[in-house]
Amino acid sequence: MMLKFTCLLGLLVCGSQAVLQVSISLNKVELSVGESKFFTCTAIGEPVSINWFNPQGERIISNQRVVVHTEGVRSRLTIYNAIIEDAGIYRCQATDAKAQTQEATVVLEIYQKLTFREVKTPQEFRQGEDAEVICDVISSPVPAVSWFYKNREITSETTSRLQVLPTNNLRILRVSKADEGVYRCEGRVEARGEIDFRDIVVLVNVPPVLSVPQQSFNATADYQETVTFTCITSGSPDPQVTWYWKGHEIERSEQYVLNTLDGGKSTLTIKNIRQGDGGPYTCRASNKAGSTERQMILKVFVQPHITQLRNVTAVEGSAAMISCTAEGEPLPEISWRRTSDGQTFTDGDKSQDGRVEVRGRHGKSMLTISGVQLSDWGRFDCEALSRIGGHQKSMFLDIEYAPKFQTNQTIFYSWEGNPVNISCDVKSNPPATMLWRRDRFTISSPGTSNIRIHTAEGRSILEVTPMSDRDFGRYNCTARNNIGARYQEFILAQADVPSNPYSVSLTAVSQRLATVTFLKPDSHGGVPISYYIVNYKDTSSLDWRTMRSHGVQTTVILANLEPNTTYEVRVAAVNGKGQGEFSHTETFQTLPIREPSPPTVHGQRGVGKAYRLGLIKQDDGGMPIVEYIVKYKTDKEEQWMTKLVPGMNDFTLLQPLQWNTRYNVEITARNVKGLSEPTFFQFLMPQKPDITADSLFSGLGLGAVVGLGVAGLILLLVLVDISCFFLRQCGLLMCITRKLCSKKTATSGKSKELEEGKAAYLKLPLKEENGKEVLKPDLIEIKVHTDNSIHTTQDDSKA
């Protein structure tokens with residue numbers, strides 16, 4: 001280098017010609033296979049050409065992967081997707097006009113990065129075999145390969161079943177399902193600090209295991225029965241199940257239904273079983289690790305079947321015989337069940353009362369009921385059972401019987417002109433026909449002008465509108481069917497008005513109200529009582545006032561009574577016939593007028609410095625409450641503030657109040673008689689809230705916000721006018737003052753004091769609780785006295 005520097009310096013000193021110099025941006029470069037790189041060669045002097053030469057000494061000519069680009073004194077060599085053969089020394093040579101050359105070199109070293117070739121995941125093995133997990137990794141220099149499982153490195157010390165082979169593969173001896181998981185193959189190149197890894201999923205295939213919950217099945221032929229075979233399989237991967245019958249694979253069809261369920265269950269359902277469907281059925285499970293199979297047997301039998309069972313109709317008191325015939329293989333046994341009480345009967349059984357008996361043989365059973373009763377009516381079940389199944393059918397025992405009357409009411413009440421329905425209710429089998437008779441004469445179905453007949457199933461209604469005394473009396477209802485006939489007699493009696501109520505008493509008597517209670521009459525006259533009439537009057541009056549009860553309630557409240565007055569009261573009952581006699585007259589006296597009872601108070605926080613006090617009116621003492629007298633003060637003050645509230649109001653608003661202050665309240669109600677006892681109440685005002693523009697206007701409507709804005713503008717104008725009055729002696733207030741002063745000057749001649757403004761004063765600014773002085777226009781007070789003296793008054797609304 002010193003020699004070159006000396007030559008260069010000599011040339012510069014001599015100045016004979018420019019010295020040609022060549023340099024490359026990099027001297028030595030390491031490059032991985034597949035990477036790209038470029039090198040810049042710069043020539044100082046006057047080069048004619050710049051050329052690049054490869055490690056073999058050949059001049060480089062640009063191609064698709066190696067490109068040379070020269071501009072002036074710079075030339076760039078670009079190598080794309082480097083390969084191992086690109087390694088070596090590259091020369092950049094510059095030539096001037098005198099054919100003199102200078103060159104620079106760069107050493108390019110190509111290395112192979114860690115590369116995993118054809119690492120397959122997952123890799124599958126059969127349980128029990130020796131598995132070799134393949135990890136093909138290359139690099140230059142040769143990499144160091146390590147294996148990890150569950151974040152722990154696999155070494156010969158940790159386990160004897162897992163071995164890292166010279167080929168860098170991992171061997172697992174007698175691999176099992178427990179060895180399944182993710183294994184990491186990690187390669188390292190210590191010289192470069194290079195590391196890379198691949199995660200390989202190891203799957204262990206387990207041969208199928210097959211079990212069947214039931215190996216033998218019985219079925220009945222030709223009765224559209226269904227049988228389902230079930231196989232339970234396990235294995236990895238999940239086995240595929242196929243079904244075979246007598247060596248032939250079963251395909252899906254209308255008769256064969258194949259299903260795969262959770263838990264490894266597979267089912268074969270055979271529908272509409274025929275006798276030829278019997279035999280061995282095979283379930284075969286297969287996967288990558290192997291296959292296994294199990295066999296099940298279907299035995300087809302003929303299920304019991306009831307061939308003869310009919311409904312029976314018997315007459316009450318006679319005997320009924322019910323027959324049931326069944327067939328099957330083997331021959332079934334027959335039993336009976338009476339559904340009315342659930343009692344069962346088999347061959348040879350007899351009921352406790354001896355009326356029901358069963359006899360049977362060779363698939364036939366006879367149930368005999370002697371002395372049939374209505375309780376025997378209903379369904380009987382015949383069941384044929386054998387060891388392979390059963391069959392059940394039902395029949396109905398119908399019992400015919402003569403008519404039976406269902407109603408016990410035989411006396412009806414009415415009065416002339418009032419229609420009444422006499423109902424004749426009959427139960428019979430078969431249905432009965434019903435006729436009405438009176439005095440041995442049959443009443444025709446259309447009836448007469450005042451007698452009509454209405455007929456429904458099991459019921460005949462005789463509607464009678466009595467016109468005279470001869471319409472009252474006995475009526476006969478006759479019911480008849482083919483079993484027999486019955487009749488029932490009804491009496492239509494004349495109704496009467498109720499008897500008088502009794503035990504009339506007065507409770508809860510006050511100045512204006514009284515409660516009347518009484519007991520019902522002993523007789524309602526044959527028809528229900530509709531309501532009660534309560535007559536009452538002042539003892540000094542001849543006119544009775546009337547109150548009606550609500551329905552048949554025996555309590556009536558008398559209202560709008562006069563205080564301190566004696567009243568008479570009596571009660572009568574009213575039914576459809578009319579009003580009965582009045583009860584014994586009772587007297588009572590209302591209470592005199594007195595002072596009202598103390599009101600009841602409940603409080604509720606108001607808006608701002610206000611408190612809402614709810615007033616609940618109690619006993620007003622017989623006269624309306626004129627007003628409520630509300631006194632209130634803080635617990636630190638001696639003087640009460642008083643507020644009068646009209647008696648019709650149910651609340652009052654106390655304001656303005658002080659924040660965070662406890663108040664005592666005393667409320668008294670007053671009527672014309674006087675004052676009630678006071679009611680005492682306490683409440684505590686909350687802390688002063690933080691007031692923001694949002695909290696002030698969030699609850700206001702548009703009109704309220706506009707109104708507040710106008711009020712604020714007026715307040716601002718007033719403050720400006722007052723400021724002008726004191727500071728510059730101008731404005732509206734100044735004009736008013738001058739007019740007043742001019743009048744005072746004419747009478748007293750003391751205009752000098754008026755000009756100086758001593759006759760006017762402004763109340764001192766108030767201090768809010770936060771200590772800030774505020775000037776409130778409504779607290780400004782100007783007084784001019786005849787003696788031209790100045791007085792200051794204390795504001796009464798300081799609180």
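Is Cys283 buried or exposed? Cys283 is buried, with a relative accessible area of 0%, where buried means under 20% relative accessible area, exposed over 50%, and partly exposed in between (1.4 Å probe, protein chains only).

1. Basis of the note. This is a predicted model, in which local features need pLDDT of at least 70 and side-chain atom pairs count only at pLDDT 80 or more, while totals for chains, interfaces and linings use all residues. Residues are numbered from 1 along each chain as its sequence is written, and side-chain values use heavy atoms, with hydrogens and water left out.

2. Disulfides overall. A disulfide is a covalent bond between the sulfur atoms of two cysteines; the criterion applied here is a pair of cysteine sulfur atoms within 2.5 Å. Searching the whole structure gives five disulfides, and with bonded cysteines counted along the chain they follow the pattern 1-2, 3-4, 5-6, 7-8, 9-10.

3. Cys41 and Cys92. These two cysteines form a disulfide with their sulfur atoms 1.9 Å apart, and the torsion about the S-S bond is about -90°, so the disulfide is left-handed. The pair links distant parts of the chain, since Cys41 belongs to strand β3 (residues 37–44) and Cys92 to strand β7 (residues 88–96), 51 residues apart; strands (E, at least two residues) and helices (H or I, at least four) are DSSP runs, numbered from the N terminus. Cys41 and Cys92 are both buried.

4. Cys231 and Cys283. The cysteine of the opening question is joined to Cys231 by a disulfide, with an S to S distance of 2.2 Å. This pair, too, links distant parts of the chain: Cys231 is in strand β20 (residues 227–236) and Cys283 in strand β25 (residues 279–287), 52 residues apart. Cys231 is buried, its relative accessible area being 0%.

5. Cys424 and Cys477. Here the sulfur atoms are 2.1 Å apart and form a disulfide, which is left-handed because the torsion about the S-S bond is about -85°. Cys424 lies in strand β36 (residues 420–429) and Cys477 in strand β41 (residues 473–480), so the bond ties together parts that are 53 residues apart in sequence. Both cysteines, Cys424 and Cys477, are buried.

6. Aromatic pairs. A pair of aromatic rings is described by the distance of the centres and the angle of the planes. Rings of Phe, Tyr and Trp (its six-membered ring) pair if their centres lie within 6.5 Å, and planes under 30 degrees apart count as stacked, over 60 as edge-to-face and the rest as tilted. The whole structure contains 13 aromatic pairs. One of them joins Phe518 and Tyr532, whose ring centres are 4.9 Å apart and whose planes stand at 65°, so the pair is edge-to-face. It links distant parts of the chain, with Phe518 in strand β44 (residues 514–519) and Tyr532 in strand β45 (residues 529–538), 14 residues apart. Phe518 is buried at a relative accessible area of 4%, and Tyr532 is buried at 1%.

7. Phe681 has a relative accessible area of 19% and is buried, and Phe683 counts as buried at 4%. Elsewhere, Phe217, Phe229, Trp243, Trp245 and Tyr281 form one aromatic cluster.

8. Charges over rings. A charge sits over a ring if NZ of Lys or CZ of Arg is within 6 Å of the ring centre and within 35 degrees of the ring normal. Arg387 lies over the face of Phe301, at 5.4 Å from the ring centre, and Arg570 lies over the face of Trp544, at 4.1 Å from the ring centre.

9. Arg359 stands opposite Met366 in β32. The two strands form a hairpin with two residues between them, and His362 in the turn has a positive phi of about 50°.

10. Leu114. This residue is placed in the loop between β8 (101–111) and β9 (115–116), and Leu114 is buried, with a relative accessible area of 7%. Not counting residues up to four places away in sequence, Leu114 touches several residues, including Val137, Pro143, Arg188 and Asp196, contact meaning heavy atoms within 4.5 Å. Leu114 and Val142 are 28 residues apart in sequence and 9.0 Å apart in space, C-alpha to C-alpha.

Definitions and conventions:
Pairing = 2+ DSSP bridges.
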